[in-house]
Amino acid sequence: LDSIIAALVGFYAIYLFTWYSGVGISPDSIMYASTATNIQAHGSLLTFNKTPLVFFPVFYPFFLSIFQFIFRVNPITDGAIINEFLFAAVIFTSGWIMSKFVAHSQIYKWIILAAIILSPGLLEVYTYLWSETLFVLEILFFIVAYWRYMHTHTTKALMLVAIITAISCITRYAGVTIIGTAGLLLLLDNELPIRKKIIHILLLGMVSISLLVGNL
């Protein structure tokens, strides 16, 4: 319940920052929004100048195009609404993660949730039409998925980790660091037998880079 309340406060905070002039727009934002429009309208990865999207990964424009197709919204005029939901999701997921800590403190959780809501860095990011808004949430999903894998060590749980990592890599190229993080965590996992550890590292690596290779 406290995570839901904090998420609603975060939702309103982004609304306050964007209600007058809308979501912030940069040259990157124009690339994302125009590509999203072309994906939704023509199924093509073209930017506003009719050239292919090559400087940025493809998933964030694809994500925007899904919103555009389902809700008939424009990424530029309605981007603030998308960011409000994304920021609320980041806050709620963070609260859920903290509720699973071994040494759980309610006061500590409230302090951290307040710090996230009031973070100048996050507030700036979530008032712009930037891919970081989605990438931050994907990192949290990776943490949740890997936590689940640590409790089961099943191939199914590993595939979920790998899929989230693969999507992160085509949201921002910085997602390759998540591949390294996951590989290192697997390497240092003392509960995994050597043979299973090698197989899981190879599986993780192949699935994690698959979408990025396709994108390139």
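Me: Why does Asp2 count as buried?

Reply: First, the basis: this is a predicted model, where local features need pLDDT of at least 70, side-chain atom pairs count only at pLDDT 80 or more, and totals for chains, interfaces and linings use all residues. Residues are numbered from 1 along each chain as its sequence is written, and side-chain values use heavy atoms, with hydrogens and water left out. Buried means under 20% relative accessible area, exposed over 50%, and partly exposed in between (1.4 Å probe, protein chains only). Asp2 has 18% relative accessibility, so the residue counts as buried.

Me: What makes the link between the side chains of Asp2 and Trp110 a polar contact?

Reply: The distance is 2.9 Å. The definition asks for a pair of N or O atoms within 3.5 Å; within protein, one must be able to donate a hydrogen and the other to accept it, and residues adjacent in sequence count only if both atoms are side-chain atoms. Asp2 sits in helix H1 (residues 2-18). Helices (H or I, at least four residues) and strands (E, at least two) are DSSP runs, numbered from the N terminus.

Me: Which residues is Asp2 in contact with, leaving aside neighbours within four places in sequence?

Reply: Gln106, Lys109, Trp110 and Leu113. Contact means heavy atoms within 4.5 Å.

Me: Why is Ser99 called partly exposed?

Reply: The relative accessible area of Ser99 is 29%, so the residue falls in the partly exposed class. Ser99 lies in helix H4. Beyond four places in sequence, Ser99 touches His104 and Lys109. Ser99 and Lys109 are ten residues apart in sequence, with C-alpha atoms 7.7 Å apart in space. A polar atom of the Ser99 side chain also lies 2.5 Å from the backbone oxygen of Trp96.

Me: How do you know that the length of helix H2 agrees with its residue count?

Reply: The expected span is 1.5 Å times one less than the number of residues. H2 (residues 27-42) has 16 residues and should span 22 Å; its end C-alpha atoms are 22 Å apart, so the two agree. Gly43 follows H2, with a positive phi near 70°.

Me: Why does Thr35 count as buried?

Reply: Thr35 has 0% relative accessibility, so the label holds. Thr35 is in helix H2. The buried residues of H2 also include Met31, Tyr32 and Ile39. Helix H3 (59-71) is part of what covers the buried residues of H2. Beyond four places in sequence, Thr35 touches Ser44, Leu45, Leu46, Thr47, Leu53 and Pro61.

Me: Why is His153 called buried, and what is its phi?

Reply: His153 has 10% relative accessibility, so it counts as buried. Its phi is near 55°, a positive value in a residue other than glycine. His153 is in the loop between H7 and helix H8 (155-169).

Me: What makes a space a pocket, and how much space lies in the largest pocket?

Reply: On a 1 Å grid over the protein atoms alone, a cavity is a set of points where a 1.4 Å probe fits but cannot get out; a pocket is an open set with protein on both sides within 12 Å along at least five of seven lines. Lining residues have an atom within 4 Å of a point. Grid points are joined across faces, edges and corners, and a volume is the space filled by probe spheres set on the points. The largest pocket holds about 170 Å³. Helix H4 (79-99) and helix H7 (132-152) each give two or more residues to its lining. H7 gives the most, with six residues.
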